[in-house]
Amino acid sequence: MSPEHALAGMETVPLAHCADYPLIFADRSMLMFDIMTDAFHQAGLDVEPSFLTNSIEFDEIPGGSR
């Protein structure tokens, strides 16, 4: 996420804040899809991801390791 993004300065980001933006989820073949959809549902949020992917790549990992 861009440092200028409205959520970038937050130390923690409530799911309700994320629901206002286009979301990218792992596709349904990946365990992460169920984890994310369950978390939003448990928070009482009904979201529809804008994009699904079966590829997860990190450009930068906190702590500086890759």
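Trainee: Do Phe 25 and Phe 33 count as buried or exposed?
Mentor: This is a predicted model, in which local features need pLDDT of at least 70 and side-chain atom pairs count only at pLDDT 80 or more, while totals for chains, interfaces and linings use all residues. Residues are numbered from 1 along each chain as its sequence is written, and side-chain values use heavy atoms, with hydrogens and water left out. Relative accessible area under 20% means buried, over 50% exposed, and in between partly exposed (1.4 Å probe, protein chains only). On that scale Phe 25 and Phe 33 are both buried.

Trainee: How many aromatic pairs are there, and which geometry does the pair of Phe 25 and Phe 33 have?
Mentor: Rings of Phe, Tyr and Trp (its six-membered ring) pair if their centres lie within 6.5 Å; planes under 30 degrees apart are stacked, over 60 edge-to-face, and the rest tilted. The count by this rule is two aromatic pairs. The ring centres of Phe 25 and Phe 33 are 6.3 Å apart and the planes stand at 70°, so this pair is edge-to-face.

Trainee: What pattern does the protein chain follow along the sequence?
Mentor: Helices (H or I, at least four residues) and strands (E, at least two) are DSSP runs numbered from the N terminus. The chain has two helices and two strands. Read along the sequence, their pattern is α-β-α-β.

Trainee: Is Thr 37 buried or exposed?
Mentor: Thr 37 belongs to helix H2, residues 31-42. Its side chain comes to 3.3 Å from the backbone oxygen of Asp 34, a polar contact (N or O atoms within 3.5 Å; within protein, one able to donate a hydrogen and the other to accept it, with sequence-adjacent residues counted only if both atoms are side-chain atoms). The relative accessibility of Thr 37 is 15%, so this residue counts as buried.

Trainee: Leaving aside neighbours within four places in sequence, which residues does Thr 53 contact?
Mentor: Thr 53 sits in strand E2, residues 51-53. A polar atom of its side chain lies 3.1 Å from the backbone nitrogen of Ser 55. Contact means heavy atoms within 4.5 Å. Beyond those neighbours, the contacts of Thr 53 are Ile 24, Phe 25, Ala 26, Asp 27 and Met 30.

Trainee: How far is His 17 from Leu 7 in space, C-alpha to C-alpha?
Mentor: His 17 is in helix H1, residues 15-18, and at 35% relative accessibility counts as partly exposed. Leaving aside its neighbours within four places in sequence, His 17 is in contact with Leu 7 and Met 10. His 17 and Leu 7 are ten residues apart in sequence, and their C-alpha distance is 8.0 Å.
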